[in-house]
Amino acid sequence: MRAAFKFAFASSWLVALVLAAVACGRLPACVASDIYVDNVGGDDLLDGTAPTKPGDRIGPVRTIAKAVRISGAGDRIILQPNPEPYRENFTLFGANHSGLNSDHPFVLEANGAILDGSAPAPGLLWEHYQGEVFRFAPPRLAYQQLFLDGRPAVRRFFDNANGKFPNLQPKEWFLSDTYIYFRAEKDKLPGDYRLSYAAQQTGVTLYRVHDVAIFDLTVQGFQQDGICAHDGVRQTLLANVNCRGNGRAGIAVMNASQLDIADSLVGDNGFAQILFEGYSETHLTQCQILNNTAPPFVRRGGRLFIDGKPFEREPSPAKQP
């Protein structure tokens with residue numbers, strides 16, 4: 001059960017929404033329409049008005065993208081969590097994907113569903129480099145992740161100071177300007193492992209929206225960011241989200257965006273766990289931001305508040321790896 005939060009933006013609907021979720025285990029039914037999504041039992045030819053299929057054209061849609069296309073201001077998109085992740089990405093943009101007002105937000109209620117941007121890296125993609133080291137060139141290379149058995153594999157970095165190739169140990173990898181390199185165990189090939197890489201660019205993009213709430217969503221395996229508040233985002237809440245294993249950042253708050261993040265976990269991302277730029281403003285409440293694969297925060301501008309207190313550390317330099 002979630003704790004009751006006090007949000008720095010003092011938005012009454014945010015507080016009321018979270019308190020209602022705590023009290024009854026779901027969000028209040030105060031939206032224009034409910035749109036149901038089921039990536040296993042749904043069909044994009046259905047209308048999305050019911051969680052099951054009682055009639056020929058009535059029932060859940062299959063993709064979040066279809067739900068976004070048919071949604072309007074103040075609607076609620078409700079995901080059916082399945083063992084199979086939702087393998088897609090989507091954008092919330094403008095008035096159709098904003099709240100009707102501060103009392104009637106646009107809601108994505110994920111119920112623990114996983115949004116996954118990764119794709120298999122089968123043995124045929126790999127070429128031999130030297131020894132037990134193999135390599136392949138993914139379509140997108142600015143940022144990347146390699147996953148072993150669905151989790152980020154151990155990554156090593158090129159020694160720019162000495163111009164040296166890293167000494168990879170078995171099941172480790174590194175990224176160059178052209179290739180992903182992976183060292184297999186002796187007498188094994190990459191095809192003997194369940195390897196995948198970050199194939200899709202960004203999981204959730206928010207652009208010029210207001211009065212939005214995203215709940216109970218895991219976003220993983222995207223080449224750029226898990227969730228990106230690109231610009232013009234305000235009065236928007238991410239609660240109980242888990243952004244992990246993305247190539248650049250778990251969450252990026254850019255330009256003139258304002259974002260509340262509550263009761264969330266961010267870790268195992270490639271360049272920054274959370275990236276801040278421009279004139280953005282971000283409030284973290286009761287969040288766990290890991291310091292494992294990348295710095296917890298990379299700042300190129302913006303203001304950050306943690307549990308109501310300003311975070312005053314100097315912004316990070318703008319240089320990218």
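Residues are numbered from 1 along each chain as its sequence is written, and side-chain values use heavy atoms, with hydrogens and water left out. Because the model is predicted, local features need pLDDT of at least 70 and side-chain atom pairs count only at pLDDT 80 or more, while totals for chains, interfaces and linings use all residues.

Secondary structure elements are DSSP runs numbered from the N terminus, with helices (H or I) of at least four residues and strands (E) of at least two. An open sheet is formed by 4 strands in the order E6-E14-E9-E10, with antiparallel pairing. The edges are taken by strand E6 (118–120) and strand E10 (151–152); each has a single partner strand, so one side of each lacks a neighbour in the sheet. Two strands are counted as paired if DSSP finds at least two bridges between them. Strand E9 (residues 146–148) and E10 run antiparallel and are joined by 2 bridges. Leu148 stands opposite Arg151 in E10. In general, the strands of a sheet pair through backbone hydrogen bonds, either parallel or antiparallel.

Accessibility was classed by relative accessible area (buried under 20%, exposed over 50%, partly exposed in between; 1.4 Å probe, protein chains only). Gly41 is located in the loop between strand E1 (34–37) and helix H2 (64–70), and its relative accessibility of 51% makes it exposed. The C-alpha atoms of Gly41 and Pro51 are 9.3 Å apart in space, with the two residues 10 residues apart in sequence. Thr218, in strand E17 (residues 218–220), is buried at 12% relative accessibility. With neighbours within four places in sequence left aside, Thr218 is in contact with Ala113, Ile114, Leu115, Asn242 and Arg244, where contact means heavy atoms within 4.5 Å.

A search of the whole structure gives 14 aromatic pairs. The rings of Phe93 and Tyr207 are stacked, because their centres are 5.4 Å apart and their planes stand at 15°. Rings of Phe, Tyr and Trp (its six-membered ring) were paired if their centres lie within 6.5 Å, with planes under 30 degrees apart counted as stacked, over 60 as edge-to-face and the rest as tilted. Since Phe93 belongs to strand E3 (residues 90–93) and Tyr207 to strand E15 (residues 204–207), the pair ties together parts that are 114 residues apart in sequence. Phe93 is partly exposed at 46% relative accessible area, and Tyr207 is also partly exposed, at 24%.

Phe182 and Tyr193 form an edge-to-face pair, with 5.4 Å centre to centre and 80° between the planes. This pair links distant parts of the chain, with Phe182 in strand E13 (residues 180–183) and Tyr193, 11 residues apart from it, in the loop between E13 and strand E14 (195–198). Phe182 is buried at 0% relative accessibility, and Tyr193 is buried at 12%. Ring pairs also join Phe182 and Tyr193 with Trp126, Phe136 and Tyr197 in a cluster. Arg135 lies over the face of Tyr179, at 4.0 Å from the ring centre; the criterion is NZ of Lys or CZ of Arg within 6 Å of the ring centre and within 35 degrees of the ring normal.

The structure contains 0 disulfides, a disulfide being a pair of cysteine sulfur atoms within 2.5 Å. Cys243 is buried at 0% relative accessible area, whereas Cys287 is partly exposed at 25%.
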